Amino acid sequence: MDVEEFREYCLSLNGVYEKMPFLNVSDKYSRDVLCFYVGSKWFCYVNIEVFDRCCLKSTPEDAIVLRERYVGVQPAWHMNKRMWNDVYFNGDVPDSKIRELVKRSYDIVFQSLSKKEKGI
């Protein structure tokens, strides 16, 4: 999976939009981070230049299982490590599993939105 295919998949989910919120920080890696949002909350981010990993939310229980099963799933850098994982591309996590984890992250974040943000 390349960055465009990944981006297209994220944007295919209902109500998703993207933005690069860290353009004014000094760290180049952070400036190149593209975040995918549903409502007012992000559910995924990825560095579009390096494209080495994405950061995704999970339940604390799923985080433990995923980290035990895949070398390419690690506690997320700069996020709550109980619920956020860095999922590395081109490793032992298949692209189909990455798409599944993106959708699961989206679902978890969507469920946390207010009724107004959900459009209900």
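Helix H4 buries Lys97, Ile98, Leu101, Val102, Ser105, Tyr106, Ile108 and Val109, where buried means under 20% relative accessible area, exposed over 50% and partly exposed in between, with a 1.4 Å probe and protein chains only. The model is predicted, so local features need pLDDT of at least 70 and side-chain atom pairs count only at pLDDT 80 or more, while totals for chains, interfaces and linings use all residues. Residues are numbered from 1 along each chain as its sequence is written, and side-chain values use heavy atoms, with hydrogens and water left out.

Helices (H or I, at least four residues) and strands (E, at least two) are DSSP runs numbered from the N terminus. H4 covers residues 95-111, and its end C-alpha atoms are 24 Å apart, in agreement with the 24 Å that its 17 residues should span at 1.5 Å a residue; the expected span is 1.5 Å times one less than the number of residues.

Aromatic rings come next. Rings of Phe, Tyr and Trp (its six-membered ring) pair if their centres lie within 6.5 Å, and planes under 30 degrees apart count as stacked, over 60 as edge-to-face and the rest as tilted. By this rule there are 10 aromatic pairs. Phe43 and Tyr106 make an edge-to-face pair, 5.5 Å centre to centre with 85° between the planes. Because Phe43 lies in strand E3 (residues 41-47) and Tyr106 in helix H4, this pair ties together parts that are 63 residues apart in sequence. Both Phe43 and Tyr106 are buried. Tyr106 also pairs with Phe110, here stacked, at 6.0 Å centre to centre and 15° between the planes. These two residues of H4 are four apart, and therefore separated by about one helical turn. Tyr106 has a relative accessible area of 6%, whereas Phe110, at 21%, counts as partly exposed. Elsewhere, ring pairs link Tyr17, Phe22, Tyr37, Trp42 and Tyr45 into a cluster.

What about the cysteines? With a disulfide taken as a pair of cysteine sulfur atoms within 2.5 Å, the count is zero. For Cys44, the nearest cysteine sulfur is that of Cys10, 4.2 Å away. Cys55 is likewise in no disulfide, and the nearest cysteine sulfur, that of Cys44, is 7.7 Å away. Cys44 counts as buried at 0% relative accessibility, and Cys55 does so at 1%.
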